[in-house]
Amino acid sequence: MRNFGNSHDSMSLNTATVRKQWALPRIIDECARVGIRRIAPWRDQVADAGIERVAAQLKAHDIGLSGYVRGGLFTAADAAGRQQAIDDNRRALDEACALGAPCLVVVAGGLPGALAGKLVSRDIAAARAQVRDGIAELLEHARERAMPLAIEPLHPMYAADRACINTLAQALDLCADLEPTVGQADQQSRRILGVAIDAYHTWWDPSLEAQVARAGREQRILAFHVCDWLVPTTDLLNDRGMMGDGVIDLKRLRGWVEATGFDGAAEVEIFSNRWWAEPGERVLSTCIERFRTCV
Ligand code: ZN
């Protein structure tokens, strides 16, 4: 009999999805148990477990990464703060290499000081310029390590505190600005700058279909994240929905992404007080079931 493999072969798990239930070593064991072959771990989870231990465990289970989470947060009140962010991002790039990640996911940062409740500027254009400069400074280190940066535009509700890059078009423009595409020869070479397309952040965008196609043409798609948008959404950060419980046409979006030739995993990333209160085993089995039926 022919073996078709698991229907969730193309699923990855962003490990924040079960971070309240388990530490990373347990998450990796549980993924191996249910046949999830890829994960996207967070830096704090990796640091808690020890990066060498995590790397060895991934290898032992033959589990790969769909991304390493996360770098970025380039905006700061002063030059010293911005330099600190660059240094920290360099370390994140090195960790991503040690774990064999396909990319480092980069979240821009918002208005300087806003996340800490100490706003120092209302100039969002200046914040965006800081993000551009920060990524520009990282490029050499990323190139040396052949570790792509996946810029993840976040929903505009996070523009103040987490990310002032809010649409796929804006992220792609930034990529094109910092790493221009020049002719056929360049098409062959590996990009160091790209994007992470997250359904939760981008589903509402009237230009999404066109921008996904553009991202494909420009060979920028490094990661694809899925969860669902609940109505009503009761918490700006931690009320993401399980696939199928909300309003996003995930199959259609996945179709657009895969029509570009993207053949990476679709990464399930659910920050949810509701799902964090469930047993981890139940969260994983639900993710797999919904991935089969709704993604
Ligand atoms: Zn995401």
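**Close-up views of a predicted model**

**View 1. Arginine 70 and its cis peptide bond.** Arginine 70 sits in strand β4 (residues 68-72); strands here are DSSP runs of E with at least two residues, helices are runs of H or I with at least four, and both are numbered from the N terminus. The bond joining valine 69 to arginine 70 is a cis peptide, with omega about -10 degrees. A word on the model: it is predicted, so local features need pLDDT of at least 70 and side-chain atom pairs count only at pLDDT 80 or more, while totals for chains, interfaces and linings use all residues. Residues are numbered from 1 along each chain as its sequence is written, and side-chain values use heavy atoms, with hydrogens and water left out.

**View 2. The zinc site.** Four residues coordinate the zinc ion at 2.0 to 2.2 Å: Glu152 (OE), Asp198 (OD), His225 (ND1) and Glu269 (OE). Donors are N, O and S atoms within 2.8 Å of the metal (3.2 Å for Na, K and Ca), and because water is not among the atoms, sites may look incomplete. The arrangement is irregular because the donor atoms subtend angles of 81 to 162 degrees. Aspartate 198 is buried at 1% relative accessibility (buried is under 20% relative accessible area, exposed over 50%, partly exposed in between, with a 1.4 Å probe and protein chains only).

**View 3. Isoleucine 197 in its strand.** Next, have a look at isoleucine 197, which belongs to strand β7. With 0% relative accessibility, isoleucine 197 is buried. Leaving aside residues up to four places away in sequence, isoleucine 197 touches Leu168, Thr202, Val212, Ile221, Ala223, Phe224 and His225, where contact means heavy atoms within 4.5 Å.

**View 4. Two loop residues with positive phi.** Aspartate 62 is not a glycine, yet its phi is positive at about 55 degrees. This aspartate 62 lies in the loop between α3 (51-61) and β3 (64-65) and is exposed at 59% relative accessibility. Alanine 146, in the loop between α5 (124-144) and β6 (149-151), has a positive phi near 50 degrees. Alanine 146 is partly exposed, at 39%.

How values were computed: Four donors count as tetrahedral if all angles lie between 85 and 135 degrees; four count as square planar and six as octahedral if opposite donors are over 155 degrees apart and all others between 65 and 115; anything else is irregular.
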